[in-house]
Amino acid sequence: MKHLLFAASLLLALPSAAQEQFSALEQQQVSLATKGLFDKSEAFSVDFAALSPGGYSFPLPVGKARLAGDYYVEIATRRGDAVKAMFDGVVRLSRRHLTHGNVVVVRHSNGLETVYAHNAQNMVQVGQRVRAGQTVAIVGGEGGRTYCLFSIMVNGCRINPETVLSLASHRLFRQVLLCKRTGVATVDVSVVHKEKGAANPAYVSLRNFSASTDPFGKSGTITLNLAAYPSDEWAYPLPGAKVISPFGRRGRRSHSGVDIKTRANDNIYAAFAGVVTMSQSYAGYGKCIRIKHPNGLETLYSHNSKNLVKVGDKVKAGQCIALTGRTGRATTEHLHFECRVAGRTVDPAKIFDHRTHSLRQHKVVLSKRGTLTVKR
């Protein structure tokens with residue numbers, strides 16, 4: 001199967017592949033053609049951009065994913081972690097398999113199937129409807145390693161998962177896939193529409209951008225349409241994290257950012273592309289990184305155990321820039337994350353939905369005076 005093919009094409013109707021009744025064969029075999037998937041047409045499309053914020057979950061939000069052979073993904077994590085369903089769907093298979101150990105296969109109404117293997121325990125039954133983010137298994141592994149063996153299938157064929165999502169940041173790409181049957185046991189998966197961003201400085205090349213560049217120019221304001229932001233132009237800084245302290249008043253003090261936590265020495269990602277303007281130990285912040293972005297924002301990442309970039313580096317959205325720690329004034333390993341406009345801190349929750357680890361679905365107006373206004 002091809003990895004990526006960018007082309008203009010007619011988008012065909014999405015199949016309704018999910019069902020609650022499965023044959024004995026469907027309940028036993030992992031890789032199996034989906035009955036009726038191509039009955040009406042030789043192709044169908046999957047629109048990931050149309051998903052609601054709660055319509056997707058990475059299988060192990062705090063896991064470390066790597067691409068293995070034959071388009072399998074190994075997601076390493078801690079013993080006892082919960083394996084989550086990627087999309088809404090119906091459990092087609094839940095049993096012990098000769099080569100996959102305890103395995104769960106979920107059939108989704110968008111025509112895809114997802115496979116979760118080497119589980120310590122399956123938590124769902126055949127025919128059960130599950131929601132995106134619902135626990136389907138407890139992670140297991142083999143050979144002394146704790147991991148989930150994950151794959152995405154179309155009509156029983158494994159597809160390259162990096163066509164669909166980022167293994168580093170766990171982000172689902174906001175795009176449209178065209179799945180076309182090319183043979184009895186082959187499917188061609190191509191990207192026919194990659195969402196474009198609004199025409200504003202958010203998407204300016206970093207080639208001519210520096211620490212001294214004024215992103216506001218003469219206008220004094222920048223409008224960011226977060227709902228239309230390209231999926232490869234942003235990243236949640238700490239995937240799988242939970243908020244332990246929000247922005248705003250915290251007792252008698254004002255908290256200038258948001259504290260989010262996973263575990264020690266976890267990867268911290270750049271929220272947007274930009275230029276590193278600080279990378280050093282800084283008072284109570286401990287080891288700290290500040291990045292200036294062409295979209296008018298600045299972001300700050302602190303209490304790091306190790307900084308991986310230096311001043312002047314140009315970084316991409318989703319690039320690993322540091323590891324979580326407890327340097328400076330901190331009582332536990334976590335990330336203190338700030339968003340700033342013209343040097344003034346603003347609430348990161350106006351940019352990011354911390355519950356779903358996604359961008360907010362609205363527009364924001366940044367001003368040279370240091371304000372951020374939400375436009376509904």
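Visitor: In what sense do strand β22 and β26 pair, and over how many bridges?

Guide: Happy to start there, and keep in mind that this is a predicted model. Strand β22 (residues 297-304) and β26 pair in the antiparallel sense, over 6 bridges.

Visitor: Which other strands have bridges to β26?

Guide: Strand β18 (residues 258-261) is one of them, antiparallel to β26 over 3 bridges. There, D259 stands opposite H336. Strand β27 (residues 344-346) also runs antiparallel to β26, joined by 3 bridges, and V346 in β27 is opposite C339.

Visitor: What lies between β26 and β27 in their hairpin?

Guide: The hairpin has 2 residues between the strands, and A342 takes a positive phi near 50 degrees.

Visitor: How should I read the directions of side chains along a strand?

Guide: The general idea is that in a regular strand the side chains alternate between the two faces of the sheet. In β26, L335, F337, C339 and V341 point one way, while H336, E338 and R340 point the other way.

Visitor: Are those residues of β26 buried or exposed?

Guide: Those on both sides are buried. For the chain, 54% of the 376 residues count as buried.

Visitor: What is the strand order in the open sheet of 3 strands?

Guide: The order is β19-β25-β23, with antiparallel pairing. The edge strands, β19 (267-269) and β23 (306-307), each pair on one side only. Between β19 and strand β25 (residues 320-323) there are 3 bridges, and Y269 has C320 as its bridge partner.

Visitor: Where can I see a hairpin with 4 residues between its strands?

Guide: Look at β30 and β31, where G370 in the turn has a positive phi of about 95 degrees. Strands β30 (residues 363-367) and β31 (residues 372-375) run antiparallel, joined by 4 bridges. V364 has V374 as its bridge partner in β31.

Visitor: Let's zoom out. How many helices and strands are in the chain?

Guide: The chain has 0 helices and 31 strands. Its radius of gyration is 22 Å, close to the 21 Å that the globule rule gives for 376 residues, so the chain is as compact as a globular protein of that length.

Terms used
Residues are numbered from 1 along each chain as its sequence is written. This is a predicted model: local features need pLDDT of at least 70, side-chain atom pairs count only at pLDDT 80 or more; totals for chains, interfaces and linings use all residues. Side-chain values use heavy atoms; hydrogens and water are left out. Two strands pair if DSSP finds at least two bridges between them. The radius of gyration is taken over C-alpha atoms; the globule rule is 2.2 Å times the number of residues to the power 0.38. Buried means under 20% relative accessible area, exposed over 50%, partly exposed in between (1.4 Å probe, protein chains only).
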